[in-house]
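Subject: Structure handover

Hello,

Here is the structure I promised to pass on. Please open it alongside this message; my notes follow below.

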Protein chains: 6
Amino acid sequence: MGRSAIYPGSFDPVTYGHIDLIKRAAHAFDDVVVAVAESTHKNTLFNTQERVEMVKEVAGDIGNVRVESFDGLVIDYARAKKINVLIRGLRMISDFEYELQMALTNRRLDGNIETVFLMPSEGYSFLSSKLIKEVALLDADITSFVPDSVAKRLREKLGTKK
Amino acid sequence: MGRSAIYPGSFDPVTYGHIDLIKRAAHAFDDVVVAVAESTHKNTLFNTQERVEMVKEVAGDIGNVRVESFDGLVIDYARAKKINVLIRGLRMISDFEYELQMALTNRRLDGNIETVFLMPSEGYSFLSSKLIKEVALLDADITSFVPDSVAKRLREKLGTKK
Amino acid sequence: MGRSAIYPGSFDPVTYGHIDLIKRAAHAFDDVVVAVAESTHKNTLFNTQERVEMVKEVAGDIGNVRVESFDGLVIDYARAKKINVLIRGLRMISDFEYELQMALTNRRLDGNIETVFLMPSEGYSFLSSKLIKEVALLDADITSFVPDSVAKRLREKLGTKK
Amino acid sequence: MGRSAIYPGSFDPVTYGHIDLIKRAAHAFDDVVVAVAESTHKNTLFNTQERVEMVKEVAGDIGNVRVESFDGLVIDYARAKKINVLIRGLRMISDFEYELQMALTNRRLDGNIETVFLMPSEGYSFLSSKLIKEVALLDADITSFVPDSVAKRLREKLGTKK
Amino acid sequence: MGRSAIYPGSFDPVTYGHIDLIKRAAHAFDDVVVAVAESTHKNTLFNTQERVEMVKEVAGDIGNVRVESFDGLVIDYARAKKINVLIRGLRMISDFEYELQMALTNRRLDGNIETVFLMPSEGYSFLSSKLIKEVALLDADITSFVPDSVAKRLREKLGTKK
Amino acid sequence: MGRSAIYPGSFDPVTYGHIDLIKRAAHAFDDVVVAVAESTHKNTLFNTQERVEMVKEVAGDIGNVRVESFDGLVIDYARAKKINVLIRGLRMISDFEYELQMALTNRRLDGNIETVFLMPSEGYSFLSSKLIKEVALLDADITSFVPDSVAKRLREKLGTKK
């Protein structure tokens, strides 16, 4: 019997930072489900299907990783899949606080599900999907932040050149 | 002569964390006015009257606590009521910074009014009205975050089941 | 040959905190360009021309300071002007993190351009254009936060009295 | 009946930051006891009597302020004096965390005693007794950090000139 | 095949916060080794054997938990035991930074070993062995911070009453 | 006329993080003096001469960089050299606070001297001389943290193998 873990997020779009974390999770656990959130309080640039496709394109070939989407509360999704570990990345301080707050809220909602935090590589500690979208909109070359397939989709979506 | 203090906020809606803080304020000061802000730069889910009613329902029976609403700057309101102490809760780091910034701005606007900070119980240190609204929208059971009367109003307002 | 530096920002509107930083930059470098960002992901209250005018009114008389506006990425602007130093202010923790993130993103986009951080005077460490706009909207007297010429424009723009 | 509060600390030595806070406390409460801790896990430069004398010299003339010393736990001291409010200053983030931790520990030891936090003036937000002793040892002019009577004692104690 | 993890620390002494974390680790992983560090740059109050005994007394009866001690680098110890996951608790911000720094240092020393972070229960988020020793020295009742067996050893070691 | 800057520190010992910062300073300013502090409130492992030698060995060949030592306050040293810019690195949050506090203290001591902050490369953001000494003492391979010449000296000083 192996240990499964869920790595939930909006992945709008998936970055090298996310990919780094998926690999670390796949190294620390036997089975990892990357779970793309359908319903999010933030408006997403890409729809759920696009976000799932992008994650699959860049992380689908890691043996013990599956990519899915889910609707509603992540703890309801975890319960339905009988997985009791959630994975989250810790980038910076403000991140840490929001993540802590979310994790404590989830714990209060279901005390059986534990959130574990992994650190991305330092080289990716500053990456955020939000900031990438902002600079992409200003025609920045984003190929050191996201894989080529994602950069191409971003350019198409935003109508930018680089 | 007793010491009065004002606890201002948007209370959209009031949570167990707010209630904990109201009780602590009522313990540390002789007279506490919970002051619901009418004009706020954030759009509120509940209108002023609803927010006042909810606070009254859950904290109205504490002897030395009154619930009111106010419009405009909190320091103008404090001045009008001849109360020179404002109370604010400190939950987490980011909170601390915004609170500090707001308190220093208020102090610059009226040097006679002092902001004092109280700590909520650890069990409520992660609660935020914003997060509660987010998870309520996803049909989470929020009865460990807010009193039943508030939970009922939230369900009605959001059209959710739990 | 002197050392030039660019101090980019949205300056919506310029505050005493910005002015303090401009003076410090003008003291530490031989030539300082205050660069008002035209395209910003935040909606600005004042348009680019107004924001440039306000900065010129309050800092235009410092000998080694010029005021300009720019469109697009700040690193592209810096490259075009052949200036390899960007200046940013550090006010508080959350500031620090966003600034760090932005600076690392810019460094990844152009490794030749260095961001240096200066500290505002403590008396201005809590000032933010956002907070000033919020309290101005509530009719606060903002003359200790911004110069008179800026206060006047804010009152006109917001239709407030003080 | 008035509201009393205890402001405990090591005051080794008292700084302009402490004095600012004592004045704010005396403004927000009817009666303030500045309580100098005899037993502290840090080695103090000045002994208890000297630290009490210095506080008395610089704050003894504020009407509703008394200066005392105490041994052991501050909550035992507060209980003995029948005062249920402790005052602490909030300078910076790391401060905030240690203060929060101490306050939560005290609350666990006696749930009846509430810690309230006050903000020093921005001009004193960076002052620390530890840093002042460090720079005084290097012959710095410390007269903008501590009152003259304290500066004189520091010079005598450290054998420095300024 | 199960997933093993090492929870290293000085445990000087073990607190309810550590016990909470051990239980969470035992829930998230199949096999947990609590590893008491012999050589530490801090002077410990209790020697290695005492620290191991205390952890065994309070956590030895959890089925999938073993208690051991180790000397030298934790990554060398982990490598020798063929376990590639280290567990650490996240209490507060300053904690987070030190932990992050340590984890990145360990990662640089052995890229194969991953550090995962767990959150203690909010009720224990402020507990630290250091603070407990400080207040125990002042005769505080520490039975809400550590189990009775640990409190007894602390009293004996420090020569205090409660 | 060029712009000079002083980069003060204890460099006990110099790390790849310091070297990265020296290069960035040398890129942003015309002339950089690395100033090794003789008198420091921390006990150093290496004496002043050794620390100066190590910095010279690893950064002495950068054209516009000189290495010196100084005694007393850095602002007195800066004044004597007629240089009005101090450079400091920003690694993490706690760093930021101490640095801010030190910079504000220095500014109060001499308002003419400005501290500017530079960011090290992310890959070095977690490096600290203190942590390196700790792991070196436990026989860790430190060659990815410090240059070979420094690693050799550390092994000799500490009597360790790697």
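**Buried charges in chain B**

R24(B) counts as buried, because its relative accessibility is 13% (buried means under 20% relative accessible area, exposed over 50%, partly exposed in between, with a 1.4 Å probe and protein chains only). R24(B) forms a salt bridge with D20(B), and the closest N and O atoms are 3.0 Å apart. A salt bridge here is a side-chain nitrogen of Lys or Arg within 4 Å of a carboxyl oxygen of Asp or Glu. D20(B) is buried too, at 12% relative accessibility. Both residues lie in helix α1 (residues 16-28) of chain B, four residues apart, about one turn of the helix. Helices (H or I, at least four residues) and strands (E, at least two) are DSSP runs, numbered from the N terminus.

A second pair in chain B is R107(B) and E114(B), whose side chains meet in a salt bridge at 2.9 Å, N to O. R107(B) is buried at 9% relative accessible area, and E114(B) is buried at 2%.

**How to read the model**

This is a predicted model: local features need pLDDT of at least 70, side-chain atom pairs count only at pLDDT 80 or more, and totals for chains, interfaces and linings use all residues. Residues are numbered from 1 along each chain as its sequence is written, chains are lettered from A and ligands numbered from 1 in the order in which they are written, and side-chain values use heavy atoms, with hydrogens and water left out.

The whole structure holds 102 salt bridges over all chains. One of them joins the side chains of D12(C) and K133(C), at 2.8 Å, N to O. D12(C) sits in the loop between β1 (4-9) and α1 (16-28) of chain C, and K133(C) in helix α5 (residues 129-137) of chain C, so the pair ties together parts that are 121 residues apart in sequence. D12(C) is buried, with a relative accessible area of 4%.

**Chain E against chain A**

Contact means heavy atoms within 4.5 Å. By that rule, 30 residues of chain E are in contact with 30 residues of chain A. The area buried between the two chains is about 2900 Å², and carbon and sulfur atoms give 57% of it. Buried area is the accessible area (1.4 Å probe) that two parts lose on being put together, summed over both.

The rule finds six salt bridges across this interface. R3(E) forms a salt bridge with D30(A), the closest N and O atoms being 2.9 Å apart. On the side of chain E that touches chain A, α1 (16-28), α4 (93-109) and β5 (114-118) each supply at least two residues. The most come from α4(E), with eight residues.

Strand β5 (residues 114-118) of chain A pairs with β5(E) in the antiparallel sense over three bridges (two strands pair if DSSP finds at least two bridges between them). F117(A) stands opposite F117(E) in β5(E).

**Strand β5 in chain D**

Five of the five residues of β5 (residues 114-118) of chain D are buried, so the strand is largely enclosed by the rest of the structure. E114(D), V116(D) and L118(D) point one way, and T115(D) and F117(D) the other. What does β5(D) pair with? Strand β5 (residues 114-118) of chain B pairs with β5(D) in the antiparallel sense over three bridges. Strand β4 (residues 85-89) of chain D runs parallel to β5(D), joined by five bridges.

Best wishes
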